[in-house]
Structures are given as C-alpha cells and as structure tokens.
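Visitor: I'd like to learn how to read a model like this one. Could you take me through it, feature by feature?

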Amino acid sequence: MKKIALGFLAVAISFATIAQDGKREGAKGNKANKEFKHRGKGGQDKFQSLGLSDAQGAQMKSINENFRNQMSALRNDNTLSDDAKKQRKQALIADHKAQIHAILTPEQRTQWEARKQNGDFKRKHKSKQS
C-alpha cells in the first residue's frame, strides 16, 4: 500500500514539474507573447511595425515616459477643477501626438495615419465591474 501511495506521489510531482516547465517555456518561446511584450507600456508595440530606428525608438520611449508621468501628475492633482483637468489632458495628448509626429519619417507618418484610419490604435477597454 505504501508503494502505491509513493508511486502516485512521484507521478503527481512529475506532472507538476512538467506543467511548470511547459508554462515557463510557453511564456518565453511563444511568439504572440513576444509580440505584445510592451503592451500597456506607452504603446511602443503599436509603432514597431513602422520600422523605427534605434534612435527613434529611444526618442519614442522618452516621449512616452514623459507623457505617462505628466498624465499621472495630472490625475493626482487635486487643485484643478474637472474642466481644467480635461483641458490640460487634451493639451498633453495633442503635445504627445505632435512630438511623435515630429520624430517619424514621411513614410512612417503615412503608415501611422493609415493604421489610425483602420482603427489599429484604438484601445479595447474592459468594462468596469463594481
């Protein structure tokens, strides 16, 4: 009886180990996971298909990080009215778009505009559950 119990325990441990290795390998080796690696981090994945140079990528990262910091500061600023926050947010978004537009080549701008028209840059919002 003890041998049977030990056998089941060994099999269970083996399956758990194999399952964990499979999850780890799937996360590292799955092309889809690599493709969406930066999702939610300034939308850099949205621009990778534009063929950004290393310099453009670095500029994009800096622009997006600065934008996130400014938006975070705006959300946490309790001294502004809702209308003032809304106006400031629109100004920050417009400035962000202008900065991105400035670092793109004419061909990249054309691709970017086409992707915007196709709805490729629209966020898919999850419904909030209360």
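Visitor: Which helix holds both Glu 113 and Lys 116, and how many residues apart are they?

Guide: Both sit in helix 6 (residues 106-117), 3 residues apart, about one turn of the helix. Helices (H or I, at least four residues) and strands (E, at least two) are DSSP runs, numbered from the N terminus. Before we go on, this is a predicted model: local features need pLDDT of at least 70, side-chain atom pairs count only at pLDDT 80 or more, and totals for chains, interfaces and linings use all residues. Residues are numbered from 1 along each chain as its sequence is written, and side-chain values use heavy atoms, with hydrogens and water left out.

Visitor: What do Glu 113 and Lys 116 form?

Guide: Here's the general idea: side chains of opposite charge can pair when their charged atoms come close. The rule for a salt bridge is a side-chain nitrogen of Lys or Arg within 4 Å of a carboxyl oxygen of Asp or Glu. Glu 113 and Lys 116 form one, with their closest N and O atoms 3.6 Å apart. By this rule the count comes to 1 salt bridge.

Visitor: Are those two buried, partly exposed or exposed?

Guide: Buried means under 20% relative accessible area, exposed over 50%, and partly exposed in between (1.4 Å probe, protein chains only). Glu 113 counts as partly exposed because its relative accessibility is 31%, and Lys 116 counts as partly exposed because its value is 35%.

Visitor: Which ring does Lys 116 lie over?

Guide: A charge sits over a ring if NZ of Lys or CZ of Arg is within 6 Å of the ring centre and within 35 degrees of the ring normal. Lys 116 lies over the face of Trp 112, at 4.8 Å from the ring centre.

Visitor: Which residues make up the largest nonpolar core?

Guide: A nonpolar core is a set of buried Ala, Val, Leu, Ile, Met, Phe, Trp, Tyr and Cys residues joined through side-chain atoms within 4.5 Å. The largest one has 8 residues: Leu 50, Leu 52, Met 60, Ile 63, Ile 100, Ile 103, Leu 104 and Trp 112. Helix 4 (54-76) and helix 5 each supply at least two residues of this core.

Visitor: What does Leu 104 touch?

Guide: Contact means heavy atoms within 4.5 Å. Setting aside residues up to four places away in sequence, Leu 104 touches Leu 50, Leu 52, Gln 56, Arg 109 and Trp 112. Arg 109 is in helix 6, and it is partly exposed, with a relative accessible area of 24%.

Visitor: Where does Lys 85 lie, and which side chain of opposite charge is nearest to it?

Guide: Lys 85 lies in helix 5 (residues 82-103). For charge, Lys and Arg count as positive and Asp and Glu as negative; His and the chain ends are not counted. Lys 85 is buried yet has no salt bridge, and the nearest side chain of opposite charge, Asp 82, is 5.5 Å away. Beyond four places in sequence, Lys 85 touches Leu 74, Arg 75, Asp 77, Asn 78 and Leu 80.

Visitor: Is His 96 buried or exposed?

Guide: His 96, also in helix 5, is buried, with a relative accessible area of 13%. Leaving out neighbours within four places in sequence, its contacts are Ile 63, Asn 64 and Phe 67.

Visitor: How many helices and strands does the protein chain have?

Guide: The tally is 6 helices and 0 strands. Buried residues make up 18% of the 130 residues in the chain.
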